[in-house]
Amino acid sequence: MKHLLLLPILFVIACSTPEQSTKMHPGLNNYNVVWTDQSKNSSESMPLVGGDIGCNVWVENGDLLLYVMRSGSLSENGEYLKMGRFRIQMDPNPFVEGNTFKQELKLVDGNIEIEAMDKEGNKTVVNLWVDVFNPLVHIEVESANKVDITASYESWRMKDWELMPGKYGERFTCFSMSGHPDRLFRVKDEIQFENNGVLFYHKNPNDSNVTTKLIKQQGLEASADEIYDDIKDRTFGGMLFGNGFIEYGNDEGEYLHRAYKAWKLKSDEPREKHHLVVATHIDQIENIEDWKTALAENVKQASNSAADYEKTVTWWNEFWNRSYVLVNYEKPDTASKAWQMSRNYNLFRYQLGGNAFGEYPTKFNGGNLNYDALLVDENYNYGPDYRKWGGAIHTAQNQRLLYWPMLKAGDFDAILPQFDLYVKALPGATARVKTNFGHKGSVYSEYASATGLVWGAGWGWHGESHRKRGPEFDFGVDSLAIGARSYNQLVEKGVMSNQSCNYHWESQVEHAYMMLEYHRFSGNDISKYMPFIKSAIIFFDEHYQLRQKLRNGETLDPNGKLNIYPSTSCESYRGAKNPSDLVAGLRVTLTSMLALDDKYMSADEKKYFAEYLERVPEVTFGVQDGLRIVMPAESWTKEANIELPQFYPLFPFDQYKIGDEEIQSFKNAFELAEDRRKGRVESWHQDGIQFARMGMTQEAADFNTWKLENSKNRFPTFWGPGHDWTPDHNHGGSGMIGVQEMLMQTIGDQIVLFPAWPKDWDVDFKLNAPYQTVVEVVLKDGKVVELKVTPESRKKDVVLMIE
């Protein structure tokens, strides 16, 4: 048997911060979060992130605790699981009553420092950091007095566990398997002492693989070998270890009414310096011994901690030099809504930067930073793994809000995990079209996954949703295409039974456009993404021409346009014809494709896409109460949900800009919209973005300061739960976009500055614009006192809307 070799490994304590290699804006230091008292529980934790790892860090009753989570920790059911909980105890304990306490998130360097000092002035400092380039979490202790340390790995997954269905059942955490008719179990983790460390891992059993179940459910067995299976043989876990630590036995306990077992290590003698490491590894590998061998390489990497810390700090310094937004930074005022908005914009960007190298996108409903479910909703006592809308699926309408702001932020590395999800899914999404519709292109579920399949609960499990299918219900039968499917009703072949998004396919167009905008902003090669972009767009031309032909023998309507029906405008206007969100998306995406260099498309392809663009209908406008308004679609049969998809031609699809006569029609539409569809700040609501796009300065300022004000939780940007969960990442992403659009809009070649910014808000910002352009501006007392555009040739495209 192979064993992990832990010793000898020489650690170097890296508590001192390396000299900054990048000149940093001094205002960023004002945004550090500092706590001077301990936390009550995990809901009062502080985020520590890097690479693809997220940690919740808090000190509770004198113990230092961490949850550690890494992108790709997916169970056999598609659950997104923590690596575990880690508890650090010191003797003598510096975190006792009477000693001073300070816990600080240092944004510029990306680390957390916890400091305690006794009445004699003896100081203990704990430095926690995540290696950006290696999957390691470091815990470094330096004390004026010698201390003993006990380090525990705590697991609540000690036995096989049944995921119960029902209203408050646990299956929502693996959303795809909600409603599955069979009993559902998660196998226990494997945990043991090994070479004076704690080895822990979860290995997915192949006999209960969710991907296999979905392929069978959706009748895609013939394409099984082509479909990306991200669950098979997936094993994730790691090792807790440190030089001078030995095995110290087991313990049991309960945290927030959830039983756990602890595997403990102890320092072999008291020291002034200690260094503990959590090394992790994730892979799809059949032989567990091969997985352990790979983990051992990550363990060995910890011996380079001093150099790796310097590289990590350098990465964060460069991250903060890419972009920033600093409002009134010379006069920090935590009570100021504008200052809070600015601080929280940057704090949330830090959270997003912590998954820059993730195997998967940052999930909109907590990323790697969710905590014990009981503290979010008392009905869900399922520990820290649980979240609603959970698992290996990513709700596109929510996810997009985390990734659009990365363009102007210049975070061109962090945006890639979202793109890669769609590339991985292309075979499955193509197989769905080929099998069910018999034409070209690919179709993606609103709840996207790496498999490209529909999530199981949305497709409908036999015996649970009573999905009925048959040859008489084939593609082309319009009477079955209108939307809602209650029990025992018929469902069109190839279409999911979920009524909210059975025809909601706009998101694949939006992500295709986002990839094209990524190219326009960064100049980076997008050859990898072109097969997805082409296939995602071709689907609509093929699908709706064939659909029309089945109706009346013609492929287009009498005006030579596609008849995009049945469809839906977001989830709100169902049974829609020519929905404005989809129409605007197709028009802007096709236009952007035609502007690409010839290396990305052949002459024949460009000819086809140019003709396709001519077939796409225009956005629909109408009249209500005597006012011209933009419409959500040409027609629809049912209304539900509370979105405003008629504003998608503004954002994200850039069809109209400030100064266009159509902007008044958007203002009218907002004024006349139902109250239930506007004026809400939680989660994905994006009024603040649209106010900025309409040039409504006061409304944009009011909404976006409300959006990005401090959360009700201890950490300012742990918003939620809203519609989703806590922390609510799509809440923060929507707010970031709103701020960016107030400062700078970049439709076409123009760089429009301050289109919706209050003159009395001093601001110093650095944002990215298309064509590898960086814009740096200082606004003071209502005047632009500094303006730097790189390259300078782009300065001619700047339009100042503030004097």
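The radius of gyration used here is taken over C-alpha atoms, and the globule rule is 2.2 Å times the number of residues to the power 0.38. Keep that in mind for a look at this protein, which is a predicted model.

**Overall build**

With 803 residues, a compact globule would have a radius of gyration near 28 Å, and the protein's 27 Å agrees with that. Inside you'll find 16 helices and 31 strands.

How do the parts of the chain meet? Take contacts between residues at least 6 apart in sequence: 69% of them join residues at least 24 apart.

Of the 803 residues, 65% count as buried. The accessible surface comes to about 28300 Å², and carbon and sulfur atoms own 48% of it. As for charge, there are 86 positive and 112 negative side chains, with the centres of the two sets lying 2 Å apart.

In soluble globular proteins, nonpolar side chains tend to be buried together. Here the largest nonpolar core has 207 residues, and those with the most contacts inside it are Leu64, Ile114, Leu128, Phe754, Trp757 and Phe765. Helix H10 (residues 530-552) supplies the largest share of this core, nine residues. Apart from it lies another core, of 13 residues, among them Leu199, Tyr201, Phe241 and Trp291.

Leaving aside neighbours within four places in sequence, its contacts include Met742, Leu743, Val763 and Phe765. Also in contact with Phe754 are Val777, Leu779 and Val784, along with Leu800, Met801 and Ile802.

**A stop at Val210**

Val210 is found in helix H1, which covers residues 210-217. Is Val210 buried or exposed? Its relative accessible area is 7%, and a residue under 20% counts as buried, so Val210 is buried. Not counting residues up to four places away in sequence, Val210 touches Glu76, Asn77, Gly78, Met177 and Ile231. For a sense of distance, the C-alpha atoms of Val210 and Asn298 are separated by 29 Å, and these two residues are 88 apart along the chain.

Most residues other than glycine have a negative phi, and most peptide bonds are trans. A few spots in this model go the other way, and here they are:

| Spot | Backbone feature | Where |
|---|---|---|
| Asp91 to Pro92 | cis peptide bond, omega near 0° | Pro92: loop between strand E5 (84-91) and strand E6 (100-106) |
| Gly720 to Pro721 | cis peptide bond, omega near 5° | Pro721: loop between helix H15 (697-707) and helix H16 (729-743) |
| Asn641 | positive phi of about 55° | loop between strand E25 (638-639) and helix H13 (663-672) |

How values were computed: Residues are numbered from 1 along each chain as its sequence is written. This is a predicted model: local features need pLDDT of at least 70, side-chain atom pairs count only at pLDDT 80 or more; totals for chains, interfaces and linings use all residues. Side-chain values use heavy atoms; hydrogens and water are left out. Helices (H or I, at least four residues) and strands (E, at least two) are DSSP runs, numbered from the N terminus. Buried means under 20% relative accessible area, exposed over 50%, partly exposed in between (1.4 Å probe, protein chains only). Contact means heavy atoms within 4.5 Å. Accessible areas come from the Shrake-Rupley method with a 1.4 Å probe; for residues, only the protein chains shown count as cover. Lys and Arg count as positive and Asp and Glu as negative; His and the chain ends are not counted. The place of a charge is taken as NZ of Lys, CZ of Arg, CG of Asp or CD of Glu. A nonpolar core is a set of buried Ala, Val, Leu, Ile, Met, Phe, Trp, Tyr and Cys residues joined through side-chain atoms within 4.5 Å.
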